[in-house]
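Please keep the sequence and the model in view while reading.

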Amino acid sequence: MARDLKYTRNIGIMAHIDAGKTTTSERILFYTGKTHKIGEVHDGAAIMDWMVQEQERGITITSAATTAFWNYDGNQYQINLIDTPGHVDFTVEVERSLRVLDGTVATFCAVGRVQPQSETVWRQADKYHVPKLAYVNKMDRIGADFFAVVEEMNSKLGANAIPISLPIGAEDKFEGIIDLVSKKAYYYDQDNKDLVNYVIKDVPANMVDEVNEWRGKLIESVAEYNDAILEKFFEDPDSISGEEIIAALRKATIDMAVVPVTCGSSFKNKGVQYLLDSVMRYLPSPLDIGDVKGINPETEKEEIRKTNIKEPFCGLVFKIATDPFVGRLAYIRAYSGKLDSGSYVLNTRSDKKERVARLYQMHSNKQNPIDFVEAGDICAAVGFKELRTGDTICVDTHPIVLESMTFPDPVIGLAVEPKTQKDLDKLGMALSKLSEEDPTFTVRSDKETGQTVISGMGELHLEIIVDRLKREFGVEINQGAPQVNYKEAIRSTVQHREVFKKQTGGRGKFADIIVEIGPADEGVTGLQFIDEVKGGNIPREYVPSVEKGFKAALANGVLAGYEVTSLKVVLKDGSFHPVDSDALSFEICARQAFRKACPKANPYIQEPIMSLEVVTPEDYLGDVIGDLNKRRGQINNMDSKGNARIVKAKVPLAEQFGYVTILRTLSSGRATSTMEFSHYTELPANLAKEVIEKAGGKKFDTDSDE
């Protein structure tokens, strides 16, 4: 019998570093009866942090998925829960999880409040229209301030945050919470390890006025979602029932007009069951999210799939992971229909059919086999050979392509080689497996030096990759110094004629093209190719070869061999030879045209710029700013939070290697920093010369035919 999707919640837990996401996930697993012992992050025993590196460092690196059940209001709900990382180097894990989730619990630290990384994950959730429920954790810590967090959510994130519960006390006096809907107080016993570790009492007398004031604000903010509430609000606010408030607030949350906020202390076992109840009350089920849209690859028209098992099956692969026991695992969100274990599906990217060998329900890094998966569910599957993150799978009789995911380009590279020659093949296999798992991790071979260069989102990202090579794949490697991923671009537009002739006895090679090469239009990345050839001077079948030649040439710019980010090529005219011309001749001709024309088009090098935020005590402010100026940093903003100063700056990545260590030295270990990629900008000419020389400014042999 099909499960009622009304009782399913696909949710994620997202937040900045150290807000307590994993601790909260562990409590959820405990209270839903999924685990019988609470795993602690600081002991390295958290279930959701199953990687060795996660347990050692106390951070989350991969998003772990699990399924749990919660009884609320007489019904059993199924929760598919994903715990995502907070560190900006692993932003792809958050991005791909949000793409397939229906709702998210945004966790904040009551002391740290809204951090730069909170803003990043908030923007990602907005991008995929994911409704949010906020949870202010660590209410037991010194300096905890619930209302300050709510205020910062509104001012910094532009959220319409409205409390649905109030804390009873704070810091070491934090005893529990008051539910504003029912006007009841929940007092928690942190030492009691039972599944129900609280008692419900009346609101304490000294908080009655405060509760009435905030309940009024709550009703006011959702009144527009229910006319009956609006009328009662003006006549008799006390006559509004809890059910009416919950229904209106649920609608407003799903519309992303309101963010309900509750609080607690996960570590002290306070407020987690109320948080679970709130997830069931306010966050959407797959049915609330509505139909999924996609493009039919055969007709290229938009099609809709309803969240229903009677519809043809379609799903999105949002993650690939390598498991030592079952092999390559593909995490799938099913949007419509039903998928049986052992059946065949079509991968619309490769246009190939693949067999689903087995289906699993996930519990962190353990799998429970299941026979089928239905619309609205999340599962993992094995048996796929060519599946990648972002692929759509569906039944071959009803093909559809769902909107894929976009991932940022890697900004930092590292040359690696195995310590022993016998590990060479092992390294190649390990790197290809890791790049399949993580779209922001790329591997390439440098043609000039023959080195293998791995690229990622930051120093920590590459450090973890190197660590995984050693532990999971048993490959010991030597590594070079980190390298910045520069890019190349051109400023001017030039006209160029390229004639490629080669006579090699018998049939020769001939191609002749006239092109206009210049910067691409705004917002266009990669090659923008326009064919303006009239009168058949170049036969139709050779035009794609010209485009292919230019596309291949973009991989190595003319200044220092870095990738060219964008280029506009207009094919104006040309000629061909009825015998000697072929597709390859035109492709080679295009490559040579690129090499000869670009040096005349004012080429320049672009460097990655990072957004940096430093939180430092006042005493060290001068030293921190002085150091940033030395690093070509531009200070954008300075702010105060308590007795700390916040410095926001844009700094070139090339100047930031090892910055964390230097900042600790400057501030006696009291300042902290967070950094994320911002944009690419032109590298100053005096530095560009040095970069080109270092890269061995490639001298091209223009007569070679590749």
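## The chain as a whole

Of the 706 residues of the chain, 54% count as buried. The model is a predicted one, and its secondary structure comes to 17 helices and 37 strands. Among contacts between residues at least 6 apart in sequence, 72% join residues at least 24 apart.

In soluble globular proteins, nonpolar side chains tend to be buried together. In this chain, the largest nonpolar core has 76 residues, and those with the most contacts inside it are Phe108, Trp122 and Met153. Helix H9, residues 272-282, supplies the largest share of this core, with 7 residues.

Which residues does Trp122 contact, leaving aside its neighbours within four places in sequence? The partners of Trp122 are Met14, Ala106, Phe108, Lys132, Met153, Leu157, Ala159 and Val259. Two of these partners, Phe108 and Met153, are also named with Trp122 as having the most contacts inside the largest core.

## Helix H8

Helix H8 runs over residues 242-254 and has 13 residues. From its first C-alpha to its last, H8 reaches 18 Å, close to the 18 Å expected at 1.5 Å a residue. Met256, which has a positive phi near 60°, follows the helix.

Several residues of H8 are buried: Glu244, Ile245, Ile246, Ala248, Leu249, Arg250, Ala252 and Thr253. An α-helix has 3.6 residues a turn, so residues three or four places apart point the same way.

## H8 and its partner helices

The axes of H8 and helix H6, residues 208-222, come within 9 Å and cross at roughly 55°. This angle makes H6 oblique to H8. The crossing in which H6 passes H8 is left-handed. On the H6 side, the contact is made by Arg215, Leu218, Ile219 and Val222; on the H8 side, it is made by Ile245, Ala248, Leu249 and Ala252.

How do the axes of H8 and H9 cross? They come within 8 Å and cross at roughly 75°. The two helices are therefore roughly perpendicular to each other, because angles of 65 to 115 degrees are classed in this way. Here Ile246, Leu249, Arg250, Thr253 and Ile254 of H8 meet Met280, Arg281 and Tyr282 of H9. Leu249 of H8 takes part in the contact with H6 and also in the contact with H9.

Gly315 is found in strand E14, residues 314-323. Is Gly315 buried or exposed? Its relative accessibility is 0%, so Gly315 counts as buried. The C-alpha atoms of Gly315 and Val401 are separated by 9.4 Å, although these residues are 86 apart along the chain. Not counting residues up to four places away in sequence, Gly315 touches Ile332, Arg333, Ala334, Tyr335, Asp391, Thr392, Ile393 and Leu402.

Asp627 is found in helix H15, residues 621-630. At 9% relative accessibility, Asp627 counts as buried, because the cut-off for this class is under 20%. Leaving aside neighbours within four places in sequence, Asp627 is in contact with Tyr659, Ile662 and Leu666. Asp627 and Tyr659 are 32 residues apart in sequence, and their C-alpha atoms are 9.9 Å apart in space.

Technical notes: Residues numbered from 1 in each chain as written. Predicted model: local features only at pLDDT ≥ 70, side-chain atom pairs only at ≥ 80, totals over all residues. Heavy atoms only, no water. Helix = DSSP H or I, 4+ residues; strand = E, 2+ residues; numbered from the N terminus. Expected span 1.5 Å × (residues − 1). Buried < 20%, exposed > 50% of the residue type's maximum accessible area, 1.4 Å probe, protein only. Core = buried A, V, L, I, M, F, W, Y, C linked by side-chain atoms within 4.5 Å. Contact = heavy atoms within 4.5 Å. Axes fitted to C-alpha atoms, helices over the stretch in contact; angles between N-to-C directions. Parallel < 35°, antiparallel > 145°, perpendicular 65-115°, else oblique. Left-handed = near helix turned anticlockwise from the far one by under 90°.
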